[in-house]
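Please keep the sequence and the model in view while reading.

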Amino acid sequence: MKSLVVERPGRLSIETRPVPEPSAGEVRIKVERAGICGSDIHILHGSNPFARYPRVIGHEFFGRIDKLGDGVSARLGARVVVDPVVACGHCYPCSVGRPNVCAELAVLGVHRDGGFSEYACVPAANAHLLPDSVDDDKAPLVEPFSIAANITDHTRVFASDVALVYGAGPIGLTVIQVLKHVYGVKQLIVTDRIDSRLEAAQRNGADRVINTANTALPAALADAGVRPTLIIDAACHPAILAEAIEIASPAARIGLLGFSAEPSTIVQQKVTAKELAIHASRLNSGKFAKVIDWFARGILQPERLITHRYGLDAYATAFDTFEHNQTECCKVQLIF
Ligand code: NAI
Ligand code: MN
Ligand code: ZN
């Protein structure tokens, strides 16, 4: 089979590998479609601290069950999407329903081989059945929308919220769709530094967009008389948290997704005086069923995020487009 492998940082290629056999408790999936994510690029460049090499990357993938390991009952040919979070099930975070921060966390495509491969073996419990009403195009988008499902479960969302989303990249757009189309927030403001991404934000549910490349956000919000009650940082520059604390309404919630290793300087007095809640969110804790239900009910338009599709053999163009063409590119899919 063909697998897309990062042999070592900087070196991405197709390798021919033997088709893997599922272990007990696993299913083998014939992969049909997958999405490229920013974290795949970080693994390629050696800037993901969790990655081990060589690695078959890819954690946003969809396919059909093709073979069962011992002890697994599932229908061969079933359409499934794969939750990349593999957890031990018995540590403290697992015991309180937080497998995404398991003490022995293994993320498919990061710590273990992932889905950019013609076949992938995964724990049967990680393979979620996809109803036929959700077509192949949308399937690999369940994982990125699980990021939005996770952070919004942490912050909670109310229809009365005036929400602000920093960043209109792929993750920002999943958050924007969920805030508007699942929760119906009263007002949704989105900032970015790229006009085409702000246009995408508007198509995905933003009521107002602000390009902060040339406008200071605090002044723009003050002029408009807006104090956000919910702020989600999907841009993840370490300077954003301090600004978010400054512009937030009293009693607001702030959601963080960033992995920056640089310090963010914040003033406790401001956090406490307004009694702000700051929630961090990593990957997803069992949110696939929820996202699949949203997709099946047709309340989201995940296909709006897809801008490019390539066959596996065109992987070099696919990765180059995803990494270097931020103005035109959102989600890039690989077709197997
Ligand atoms: P992206 O890089 O495609 O999008 C980020 C967007 O933010 C870009 O459009 C950029 O122009 C904009 N931006 C940069 N600085 C800004 C600022 N100061 N104000 C407003 N906008 C700004 O990245 P993607 O894939 O959408 O992911 C967003 C972030 O979420 C990344 O930092 C990524 O590491 C993180 N992430 C976290 C996850 C988690 O589970 N915690 C999961 C997936 C992504
Ligand atoms: Mn992803
Ligand atoms: Zn655990």
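How many bridges join strand 3 to strand 5 (residues 61-68), and in which sense do the two strands run? In this predicted model, strand 3 is joined to strand 5 by seven bridges, and the two run antiparallel; within that pairing, valine 27 stands opposite leucine 68 of strand 5.

Strand 3 itself spans residues 26-35 and is mostly covered, with eight of its ten residues buried. The pairings of strand 3 are set out below.

| Partner of strand 3 | Sense | Bridges | A residue pair |
|---|---|---|---|
| Strand 5 (residues 61-68) | antiparallel | seven | valine 27 and leucine 68 |
| Strand 9 (residues 119-123) | antiparallel | five | lysine 30 and tyrosine 119 |
| Strand 18 (residues 331-335) | antiparallel | three | glycine 35 and glutamine 333 |

The metal site comes next. The manganese ion (ligand 2) is coordinated by Cys37 through SG, His59 through NE2 and Glu60 through OE, at 2.1 to 2.7 Å, and along the chain these donors follow the spacing C-x21-H-E. Because cysteine 37 lies in the loop between strand 3 and helix 1 (38-44), while glutamate 60 lies in the loop between strand 4 (55-56) and strand 5, the pair ties together parts that are 23 residues apart in sequence.

Are cysteine 37 and glutamate 60 buried or exposed? Both of these residues are buried, which means that each has under 20% relative accessible area, a value that takes only protein chains into account.

Methods. Residues numbered from 1 in each chain as written. Chains lettered and ligands numbered in written order. Predicted model: local features only at pLDDT ≥ 70, side-chain atom pairs only at ≥ 80, totals over all residues. Heavy atoms only, no water. Buried < 20%, exposed > 50% of the residue type's maximum accessible area, 1.4 Å probe, protein only. Helix = DSSP H or I, 4+ residues; strand = E, 2+ residues; numbered from the N terminus. Pairing = 2+ DSSP bridges. Donors = N, O, S within 2.8 Å, 3.2 Å for Na, K, Ca; no water.
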